[in-house]
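Hello,

Here is the structure I promised to pass on to you. Please have a look at it first, and then read my notes below.

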Amino acid sequence: MTREDIIQKIYEKKIIAIVRGLSSENMLGLANALYAGGIELMEVTFNQKDPSSWSDTTDAIKLLSCEMEGRMVIGAGTVTTPELVQMAYDAGAKYIVSPDTKKAVIEKTKELAMVSLPGALTPSEITSAYEYGADFVKLFPVSNLGVSYVKAVRAPLSHIPMLAVGGVNEKNFKDFLDAGVVGAGVGGNLVNKSWIEAGEFDRITALAREFVSCID
């Protein structure tokens, strides 16, 4: 799958499921549940508090990239250094998501022909991220400022494709889409850990379908 294919997939499918701290067994169960609900993009995040867990993250990316090949596109999240970009790439990640805007991270992502989704919030940060080479800019944390903020920022910066991340749920997702974002990253409001631990993957699938139903 080329960079252009992945960019097109993000435009079409719109929802990136954000996954943190799951066992490999649950990762696969979750991926299959999300896919059954129509979600085809999954971001596995690095825990910045615990570098010793990073090998578990790359193992999960490898597993998902292999087992879900042809069905889901796997990326890496909370990527804050060029070194983590390389680790994610080596594990099979196809896109890089960050909480912030770092030129070196974006440039390394592009050097490795991956798709870049850095985080930004202010107009200056958003513009800088795009000028550094971001393919999409992740508006984060978006729920704190709401849909009205997205509309206000989009007015002068409508040429920059943005995703809403942070507090997006099945009830407000459509509002964010209507405000002009091309999609959203969704964590705990979709990837419900208590359901996963209880093996209630059918509930994840049902919720995924609710999110997908918001897309025209």
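**What I found**

Of the chain's 216 residues, 52% count as buried (buried is under 20% relative accessible area, exposed over 50%, partly exposed in between, with a 1.4 Å probe and protein chains only). Please keep in mind that this is a predicted model, in which local features need pLDDT of at least 70 and side-chain atom pairs count only at pLDDT 80 or more, while totals for chains, interfaces and linings use all residues. Residues are numbered from 1 along each chain as its sequence is written, and side-chain values use heavy atoms, with hydrogens and water left out.

The chain has ten helices and nine strands (DSSP runs numbered from the N terminus: H or I of at least four residues for helices, E of at least two for strands). Along the principal axes, the C-alpha atoms fill a box of roughly 45 × 35 × 30 Å.

Now for the helix packing. Helix 2 (residues 24-36) packs against helix 3 (residues 54-67) at an angle of about 40°, their axes 10 Å apart (axes are lines fitted to C-alpha atoms, for helices over the stretch in contact, and angles run from 0 to 180 degrees between N-to-C directions). The two helices are therefore oblique to each other (angles under 35 degrees count as roughly parallel, over 145 as roughly antiparallel, 65 to 115 as roughly perpendicular and the rest as oblique). S24, M27, L28 and A31 of helix 2 make the contact with A60, L63, L64 and E67 of helix 3 (contact means heavy atoms within 4.5 Å).

Helix 3 also meets helix 4 (residues 82-91): their axes come within 8 Å and cross at roughly 35°. Here W54, T58, I61, K62 and S65 of helix 3 meet L84, M87 and A91 of helix 4.

Two residues are worth a look in your viewer. N26, in helix 2, is buried at a relative accessible area of 18%. Apart from neighbours within four places in sequence, N26 is in contact with I196 and F201. S98 lies in the loop between strand 4 (95-97) and helix 5 (103-111) and is buried, with a relative accessible area of 3%. Not counting residues up to four places away in sequence, S98 touches V79, V105, L117, P118, G119 and K138.

Best wishes
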